[in-house]
Amino acid sequence: MTKPTALKSGIKDVTFGKNVKYVEPVNLYGCKIGDNCFIGPFVEIQKDVTIGDKTRIQSHSFICELVSIGKNCFIGHGVMFINDTFSTGGPANGDRRLWKKTTIGNNVSIGSNATILPVRICDNTVIGAGAVVTKDIERPGIYAGNPARFLKSSE
């Protein structure tokens, strides 16, 4: 029997804004976190991710590479972002050319256990808990379900 290789989680090469708070343990690397943000425990934020000012990310969320989240957003517990759509019939196996971007606007709230595929979500949008967002959201409002569908205006 061979001994496994243990890799350590932690914080590496992160650009932090002012007054950022996080609860350990977290795994943050190669990302940018704006001013006055909060990051809960058991969160992973990968490289090439940008988090806007005054955004809160609750526990157990996963934000993969190529995600941009705007200002004053709320990411609920256990939200999963996806950058690999298995476009070739299986995983990209680290081939970044096959990964796709996700852009979240400002003032967006995403409920717990939502799954966000590579999409664009416009400003002033609410995504319900457990929703699966598979397509761009271009109209502000409240969305829920699998796949996520427009329910009503948020105004």
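Modeller: Let's begin with charge: the protein chain carries 19 positive and 13 negative charges, and their mean positions lie 2 Å apart. Keep in mind that this is a predicted model. The accessible surface comes to about 8900 Å², with 51% of that belonging to carbon and sulfur atoms. As for burial, 40% of the 155 residues are buried.

The chain has zero helices and 21 strands. Its C-alpha atoms fill a box of roughly 55 × 45 × 25 Å along the principal axes. The radius of gyration is 16 Å, which agrees with the value near 15 Å that a compact globule of 155 residues would have. Among contacts between residues at least 6 apart in sequence, 16% join residues at least 24 apart.

Ser112 has a relative accessible area of 26%, so it counts as partly exposed, since buried would require a value under 20%. Leaving aside residues up to four places away in sequence, Ser112 touches Gly76, His77, Val79, Ala129 and Gly130. Lys8, by contrast, is 104 residues from Ser112 in sequence and 27 Å away in space, C-alpha to C-alpha.

Another stretch worth a glance is the hairpin of β20 and β21. Residues 141-144 (β20) and 149-152 (β21) pair in the antiparallel sense over three bridges, and Tyr143 stands opposite Phe150 in β21. Four residues lie between these strands, and in this hairpin Gly145 takes a positive phi near 105 degrees.

Definitions and conventions. Residues are numbered from 1 along each chain as its sequence is written. This is a predicted model: local features need pLDDT of at least 70, side-chain atom pairs count only at pLDDT 80 or more; totals for chains, interfaces and linings use all residues. Side-chain values use heavy atoms; hydrogens and water are left out. Buried means under 20% relative accessible area, exposed over 50%, partly exposed in between (1.4 Å probe, protein chains only). Contact means heavy atoms within 4.5 Å. Two strands pair if DSSP finds at least two bridges between them. Helices (H or I, at least four residues) and strands (E, at least two) are DSSP runs, numbered from the N terminus. The radius of gyration is taken over C-alpha atoms; the globule rule is 2.2 Å times the number of residues to the power 0.38. Accessible areas come from the Shrake-Rupley method with a 1.4 Å probe; for residues, only the protein chains shown count as cover. Lys and Arg count as positive and Asp and Glu as negative; His and the chain ends are not counted. The place of a charge is taken as NZ of Lys, CZ of Arg, CG of Asp or CD of Glu.
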